[in-house]
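Subject: Structure handover

Hello,

Here is the structure I promised to pass on. Please open it alongside this email, as my notes follow directly below.

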Amino acid sequence: MQINIDLKENSYPVFIDELKALDIGGKVAIITNSKVGGLYVKDILNLIKADEIFVVTLPDGEQYKNLSSIEQILEQLFISKLERNSTLIALGGGVISDMTGFAASIYERGIKFINIPTTLLAQVDASVGGKTGVNNKFGKNLIGTFYQPRAVYCETKFLKSLPSREFSAGVAEAIKMAVMFDKDLFYFMQNSDLNDDEALKNVIAKCVSLKAAVVAKDEKEGGIRAVLNYGHTFAHVIEMQTNYTGFLHGEAVAIGINMANHLALKLGLISKDELETVKKLLCKFGLPVNYEIKDEFEFYNAFFLDKKSQNSKIKFILPKGIGDFCMKNDISKEIVLDTLREFK
């Protein structure tokens, strides 16, 4: 199956279960982590035809998504004498995808890269759309670029080795897409067993198609693409407060979705039944929905470190029922604080 991301000169295909031989040419560097590399790097090496192939292995974990890791990647690229016609391959989850894309965008002012996502989260979201970057002490993904891959290969066979927690973290991003854009997808996920290969493939394909449509309209997040950040405004604060070690990204997003829905309920955008329906679907996949906020004022002020805040206003992406959305940047501080107090 092939889904095209239509960005004119930056267009590229996303393939689902079609990874075969990769005739790339030039020099190739595979960027992976210690966990994924041990499982799959030999298989990928056997598929690549290139002049020379190098492997750069990073530690596994969101806490390593930083400039130090980017320096490690770049140093290996310079030592290996990669050139302007060389290619990077991201083999891993969202962290590897984001860092490989960022490294590709700045190495010799930009070289090609290909995404081979090995987690559900990366297949339904992070590997598609060209967002790259790293975290720092001020927040998540505050350093980065928009830089599109040349192709993305989503292989469902990689997901069979995922721990259940990692798999569920990816489901959170799929639920995000369903609540924002597609009521039918939401109901499908309610009634499907994602351990079934065809059901899972359908969810991945639908999420990629939805994201393709959004990115084609708004490549650099000037408008509708911001809707993909549903749940993330809250999630990024949670991740920062827990030093990126308390929750997987998708788990933080699940909590953020629930927090955003509580705010939407206060504004009359969703009903109590709809809030509970979304929460029930998150819980179906073993996702957390609660986080203990110790200081609501500290949590609130952390919103302003997020790159989505503008002119001292916080932009919230909120559901309008299930399958529709709205963007709000005029919500009173007291309503937001009241929502945060529900999680104390």
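Predicted model: local features only at pLDDT ≥ 70, side-chain atom pairs only at ≥ 80, totals over all residues.

Glutamate 173 touches Leu121, Val124, Asp125, His232, His249 and Val253, leaving aside residues up to four places away in sequence. Glutamate 173 sits in helix α5, residues 164-181. Is glutamate 173 buried or exposed? Its relative accessible area is 0%, so it counts as buried. Its side chain also makes a polar contact of 2.8 Å with the side chain of lysine 176.

Next, the overall layout. The protein is divided into domain 1 (2-159) and domain 2 (164-342). Their C-alpha centres lie 25 Å apart. Domain 1 puts 33 residues into the contact, and domain 2 puts in 32.

Now the nonpolar cores. The largest one has 81 residues. Which of its members touch the most others? They are Phe299 and Phe303. Helix α7, residues 197-217, is the top contributor to this core, with 11 residues. Both domains take part: at least three residues come from each of domain 1 and domain 2. There is also a second, separate core of 21 residues. Among its members are Ile31, Val56, Leu74 and Ala103. As background, nonpolar side chains tend to be buried together in soluble globular proteins.

The buried residues of α2 are Ser69, Ile70, Ile73, Leu74 and Leu77. They cover an arc of only 135° around the axis, so they lie on the same side of α2. The buried residues of α2 pack against β4 (27-33), β6 (52-58), β7 (87-92), α3 (94-106) and β9 (131-136). What does the face turned away from the buried side carry? That face has the exposed residues Ser68, Glu71 and Ile79.

Both ends of α2 have something to show. At its start, a side-chain oxygen of asparagine 66 comes to within 3.2 Å of the backbone nitrogen of serine 68. After the helix comes lysine 81, with a positive phi near 60°.

Two single residues remain.

Valine 41 is in helix α1, residues 34-47. Its relative accessibility is 13%, and the cut-off for buried is under 20%, so valine 41 counts as buried. Valine 41 touches Ile30, Val36, Val55 and Leu91, again not counting residues up to four places away in sequence. Leucine 91 is 50 residues from valine 41 along the chain, yet their C-alpha atoms are separated by 7.8 Å.

Serine 209 belongs to helix α7. Its relative accessible area is 32%, so serine 209 is partly exposed.

Best wishes

How values were computed
Residues numbered from 1 in each chain as written. Heavy atoms only, no water. Core = buried A, V, L, I, M, F, W, Y, C linked by side-chain atoms within 4.5 Å. Buried < 20%, exposed > 50% of the residue type's maximum accessible area, 1.4 Å probe, protein only. Helix = DSSP H or I, 4+ residues; strand = E, 2+ residues; numbered from the N terminus. Domains from an automatic or database assignment. Arc of directions from axis to C-beta. Contact = heavy atoms within 4.5 Å. Polar contact = N/O pair within 3.5 Å; in protein donor to acceptor, adjacent residues only side chain to side chain.
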